Every structure is written in C-alpha cells, then in structure tokens.
Amino acid sequence: MKAIQITQTGGPEVLEWTDVPDPTPGPDEVVVEVAAAGLNYIDTYHRTGLYSVPLPFTPGLEGAGTIAALGSDVTDVAVGDTVAWSADIGTYAEHMALPAASTVPVPAGVDLEQAAAVMLQGMTAHYLVTDTFTLAEGHRCLVHAGAGGVGLLLIQLAKMAGAEVFTTVGTQAKAELAAGAGADHVILYRDVDFGDSVEEIAGERALDVVYDGVGKSVFRRSLDLLKPRGVMATFGNASGPADPISPLDLAPSLYLTRPSLFHYIATREDLLRRSGDLFAWMADDRLDVRVGERIPLAEARRAHEMLEGRQTTGKVVLLPS
Ligand code: NDP
C-alpha cells in the first residue's frame with residue numbers, strides 16, 4: 001500500500017509518499033481502510049521533532065474509515081463497521097492497524113469525512129469548555145485563532161455554553177468565519193493590539209478564561225487580561241512555545257494549565273462520551289464542522305505548508321484516494 005513516511009525530521013519536504021508493507025492486526029487490533037485523515041497542528045510538531053517520535057514513522061493521529069480485518073481477540077466490532085479515531089499515529093496511509101479500543105463507532109447520520117474532521121479538534125474544544133474551565137452563562141472567554149480547526153469549534157461550543165466570546169484572527173475573511181460561528185467580538189490582531197481591544201470592550205482584567213493554542217506571540221499579553229482567579233489554558237504552540245514566566249506573573253491568583261487531549265480521553269468512557277456528544281450535535285445541526293480544504297494524501301506536503309503558512313480555515317482533510 002501507499003503511505004506518507006518520515007525518515008528524518010524537518011520541513012514539509014520530509015513527508016514522502018511511498019510504498020510500505022500492508023499492515024496486519026495484532027490480537028487486540030483492527031485494520032482500517034482509511035477514508036479520510038484529519039490534518040492537525042500536532043502533525044507538524046511530530047514532523048519537525050518538537051514532539052519526538054521514533055523514526056521512521058507514518059504521521060497522522062486522526063481519521064475515519066471502514067474496518068477491513070480483525071485481530072484474534074477482537075469481538076465488539078466487525079468487518080465493514082465504520083469507525084473514527086484521534087490518538088493513533090500512522091493515519092497518513094491507505095490502511096492502518098490500531099487498537100480496537102481506540103476506535104469509536106461513526107453513527108449513520110455522520111459521513112466519514114465529517115467524522116475524521118471532528119474527532120481531534122472537536123474533542124479538544126469539548127474538554128476545554130466542559131472540564132479545563134467549565135464555561136457557563138455570564139463567563140467571558142478569549143479564543144485565539146478563531147477561524148482555525150479548533151477555533152471554529154471552540155467558539156460554537158462556548159456559545160452553546162452561554163459564554164461571551166472574544167476571538168483573534170489574522171484576516172478579514174477569517175473574521176467573517178469566526179463571526180459566523182457565533183463569536184461576539186472578533187479582533188483582527190494584525191491591525192490592533194488584541195489586548196487593548198479586549199480591554200476597550202470589557203475593561204481591565206475582565207476575562208474568566210483564555211483558550212490559547214497560539215502560544216509564543218500571544219501568551220504573555222493574554223495573562224494580563226484575566227480576572228483574579230481566572231484560568232489560562234495554554235494548549236498549543238502555533239506561533240512557537242510560550243516563553244517561560246515567573247510564578248509571580250500569576251500573582252492575581254491566576255491558574256495556569258497546559259492541557260492535552262490525550263489526558264481527557266484516557267478512559268474509554270470519556271472517549272465515547274466526548275465523541276458521542278459531537279456526533280449527536282452534528283446530526284442535529286447544532287455543530288457545524290467546516291472542512292476548508294480537501295487535499296489528496298499524496299500531497300500532504302502542500303497541506304502542511306498551507307497550515308503552517310496560516311492559509312487554512314476550519315479543518316483540512318487528507319484523502320487517500
Ligand atoms: P489551526 O487551524 O488553528 O491553525 C493554526 C492557526 O494559528 C493559523 O491558521 C493562524 O490563524 C494561527 N497562528 C497564529 N500565529 C501563527 C504562526 N506564527 N504560525 C502559524 N499559525 C499561526 O490549527 P489547529 O486547530 O490544528 O490547532 C490549533 C492549536 O491547538 C495548535 O497549537 C495545536 O497544537 C493545538 N491543539 C492542542 C491540543 C491539545 O489537547 N493540547 C489538541 C488540538 C490542537 P490566524 O491567521 O488567524 O492567526
């Protein structure tokens with residue numbers, strides 16, 4: 001079969017479309033024919049080596065497809081079932097083997113491309129608004145990169161929870177998408193200082209929580225916007241890892257957390273609950289999963305260039321055929 005392989009870390013050029021052996025399932029595994037792989041920022045961290053993965057490897061944690069073979073001990077799924085996953089490296093491939101317990105069933109009302117598009121970024125938005133900081137009516141939150149994959153979903157879930165949503169975006173076109181997702185205040189951070197804009201609208205130290213997937217370029221300024229006892233959820237590094245701070249910088253009794261999806265779907269129960277909520281909201285048209293780009297998997301290099309070049313909006317899915 002064909003897959004993307006990385007034999008050395010580096011830029012997008014290290015993503016090679018190549019022949020690899022067909023996978024066979026271990027006793028607890030299934031082999032899935034991949035219908036769509038989701039592109040996520042973490043794939044770029046794996047590619048560059050910011051997050052270390054033993055070489056060589058096939059990247060990609062997220063996808064959806066149809067079960068093609070079962071391991072000897074697998075009893076709760078069958079060949080032909082449609083499933084999705086979000087935490088198993090090796091998805092940039094025509095087929096992959098993964099633990100049956102990592103997969104979730106895709107319900108009839110959700111197609112496989114949409115399922116691949118929502119799993120990782122959707123469950124991230126889910127845990128951020130329900131558990132990292134439990135948003136409710138009257139809360140004010142700031143979502144950085146509001147037109148991105150996580151951003152558009154996070155805005156929608158924050159509005160479902162009743163919060164007032166501030167968001168930052170890089171272009172006018174992205175501003176329109178973020179507003180369409182329900183953001184109350186959309187800030188074009190290239191034109192103005194985003195912190196000044198938040199303060200002009202809401203006053204000094206007015207936010208209950210900042211959800212920051214951008215990191216270096218916004219982290220420090222964002223801290224100053226939080227209410228006493230507010231929560232800084234720094235969950236990503238799109239602009240690079242945030243610079244170190246002193247504990248004294250948290251002196252207004254702030255809480256700083258660096259959450260990771262994998263700790264919020266560590267149990268099968270959490271995985272099924274979060275993915276099940278998302279699929280139900282999609283089937284009811286309460287959650288819009290915007291696929292901004294569909295790119296052949298063989299052109300994963302171009303997809304990474306676009307993501308890192310801030311040219312994407314919403315989700316990018318990679319299609320093996
Ligand atoms: P996005 O689709 O949001 O793409 C990143 C966006 O970040 C860009 O489109 C851009 O939007 C903005 N950005 C700001 N500065 C830069 C920069 N210097 N270089 C590139 N982009 C920049 O990506 P994802 O939705 O996949 O991920 C968003 C963040 O969430 C990432 O940091 C990712 O690692 C993190 N994440 C963390 C998880 C966790 O559990 N900890 C799980 C999932 C994602 P604009 O043009 O508007 O500035």
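Modeller: Before we start on this predicted model, one term is needed: a polar contact is a pair of N or O atoms within 3.5 Å.

Biologist: Okay, and how far is a nitrogen atom of the ligand from the side chain of Arg258?

Modeller: An N or O atom in the side chain of Arg258 lies 3.4 Å from a nitrogen atom of the ligand, and the protein covers 92% of the 910 Å² of accessible area that the ligand has on its own.

Biologist: Which residues are closest to the ligand?

Modeller: The ligand is surrounded by 28 residues, and the closest are Tyr127, Lys174, Tyr189, Gly213 and Leu261. In the side chain of Lys174, an N or O atom is 2.6 Å from an oxygen atom of the ligand, while for Gly149 a backbone N or O atom lies 2.9 Å from a ligand oxygen atom.

Biologist: Switching to helix 2, where does it bend?

Modeller: Helix 2 bends by about 45° at Met119. With 21 residues (residues 112-132), helix 2 should span 30 Å at 1.5 Å a residue, and its end C-alpha atoms are 28 Å apart, which agrees.

Biologist: And what caps its N-terminal end?

Modeller: Asp111 does, with a side-chain oxygen 3.1 Å from the backbone nitrogen of Glu113.

Biologist: Why is helix 2 called largely enclosed?

Modeller: Because 17 of its 21 residues are buried, helix 2 is largely enclosed by the rest of the structure.

Biologist: What about Ser222, buried or exposed?

Modeller: Ser222, which sits in helix 6 (residues 219-223), is buried because its relative accessible area is 0%, under the 20% cut-off. Leaving aside neighbours within four places in sequence, Ser222 is in contact with Leu142, His144, Phe194, Val210 and Met232.

Key:
Residues are numbered from 1 along each chain as its sequence is written. This is a predicted model: local features need pLDDT of at least 70, side-chain atom pairs count only at pLDDT 80 or more; totals for chains, interfaces and linings use all residues. Side-chain values use heavy atoms; hydrogens and water are left out. Helices (H or I, at least four residues) and strands (E, at least two) are DSSP runs, numbered from the N terminus. The expected span of a helix is 1.5 Å times one less than its number of residues. The bend at a residue is the angle between axes fitted to the seven residues ending there and the seven starting there. Buried means under 20% relative accessible area, exposed over 50%, partly exposed in between (1.4 Å probe, protein chains only). A polar contact is a pair of N or O atoms within 3.5 Å; within protein, one must be able to donate a hydrogen and the other to accept it, and residues adjacent in sequence count only if both atoms are side-chain atoms. A residue is near a molecule or strand if one of its heavy atoms lies within 4 Å of it. Accessible areas come from the Shrake-Rupley method with a 1.4 Å probe; for residues, only the protein chains shown count as cover. Contact means heavy atoms within 4.5 Å.
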